[in-house]
Amino acid sequence: YEIMPSLVGSEMCIRDSLLFPQIAAWSMNLADRFFLGAYVGAEAVGIYAANYNLPVFVNQLTGAIFFSFTPLFARMWNRNDFDGVRHGFRQAGNGIFGIGIPMGAGLTLLGPRIMLLLTTHDVAAYSMQVIPFVALAYLITALGGFGSEICMYSRRSGVLAEFSVGSAALNLVLNWLWIPHWGVFGASLATLVAFSVLSAVTLVFSRGLFTFSLDLRFFFRVLVATAVMVLTLISIPDVSPWLSLALVPLGGAVYGLILYVVSGRPSADQLMEWVRA
């Protein structure tokens, strides 16, 4: 402190500005349980938590994409290779679109059947009030991660703390207003709105620091492939909940095939280049 007081203070400021978003994320992920317990009861907490844990896989897989790309982004930014950063953002965005969208759709469609295998009829009955909203919230959060990256590289991490705390406060207010009236659905909707607002304000602010664009053409291709996958799965009669386990790889195969076709049937070398990226 005596030798380098200004540097130590700066490091403490950066550390604190990165700590607050983590605390806010904890609040946004778990505070709804406390409101549900207070206003609806312990049973509602268990029902909500069980269904909430299924779409968490969307967050884990999209987060893995950022975990892989972040060192590359940082290295290119430090070298002032901003075109490389923009290209990397498009690649990461394609990965998020290509994995997050079909996974969210598949979980929404098969979630009630899967929850019926893992839990009870009472829990599975609430799946459609939780899974699609939480899955979409995590997908939007992944896209908002680009804004967070830009803010950190631009040394504006303090803004992330402000946005995160504000969104966490919004989430608390929405839980307080909606859970007493809508129960589990109110908690899911509050989660979606809070995460969407956080991602939106982060992206809008970050684009004032650094402009980039995502591959919307690939996004629409993913939507087409996902729609065909969903129609295929819907057309299969719901004979038994155990059938949902077989529908998971079937849906993935249909999605991959349609995406391959609508993408112009890329060569093996092009596919391997994408996989390496």
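Predicted model: local features only at pLDDT ≥ 70, side-chain atom pairs only at ≥ 80, totals over all residues.
Me: At what angle do helix α6 and helix α8 pack?
Reply: Two packed helices are described by the angle between their axes and the distance between the axes. Here α6 covers residues 131-153 and α8 covers residues 184-207, and their axes sit 8 Å apart. The packing angle comes out at about 20°.

Me: So is α6 roughly parallel or roughly perpendicular to α8?
Reply: The angle between the two helices is about 20°. Angles under 35 degrees count as roughly parallel, so α6 and α8 are roughly parallel.

Me: Is the crossing of α6 and α8 left-handed or right-handed?
Reply: Handedness goes by which way the near helix is turned from the far one, and anticlockwise by less than a right angle is left-handed. For α6 and α8, the crossing is left-handed.

Me: How many charged residues are there in the contact of α6 with α8?
Reply: On the α6 side you'll find Phe-133, Leu-136 and Ile-140, among others, and they meet a set in α8 that includes Phe-185, Leu-192 and Phe-195. By class, that contact has 13 nonpolar and ten polar residues. The count of charged residues is none: there are no charged residues in it.

Me: How many salt bridges does the structure hold?
Reply: Asp-32 pairs with Arg-33, Arg-86 with Asp-83, and Asp-215 with Arg-90. The total is three.

Me: Which helix holds both Arg-86 and Asp-83?
Reply: These two form a salt bridge, with the closest N and O atoms 3.4 Å apart. Arg-86 is partly exposed at 28% relative accessible area, while Asp-83 is exposed at 59%. They lie three residues apart, about one turn of the helix, and that helix is α4.

Me: How many residues apart in sequence are the parts that Asp-215 and Arg-90 tie together?
Reply: Asp-215 forms a salt bridge with Arg-90, with the closest N and O atoms 3.6 Å apart. Asp-215 lies in the loop between α8 and α9, and Arg-90 lies in helix α4, so the pair ties together parts separated in sequence by 125 residues.

Definitions and conventions:
Residues numbered from 1 in each chain as written. Heavy atoms only, no water. Axes fitted to C-alpha atoms, helices over the stretch in contact; angles between N-to-C directions. Helix = DSSP H or I, 4+ residues; strand = E, 2+ residues; numbered from the N terminus. Parallel < 35°, antiparallel > 145°, perpendicular 65-115°, else oblique. Contact = heavy atoms within 4.5 Å. Nonpolar A, V, L, I, M, F, W, Y, C, P; charged D, E, K, R; others polar. Salt bridge = Lys/Arg side-chain N within 4 Å of Asp/Glu carboxyl O. Buried < 20%, exposed > 50% of the residue type's maximum accessible area, 1.4 Å probe, protein only.
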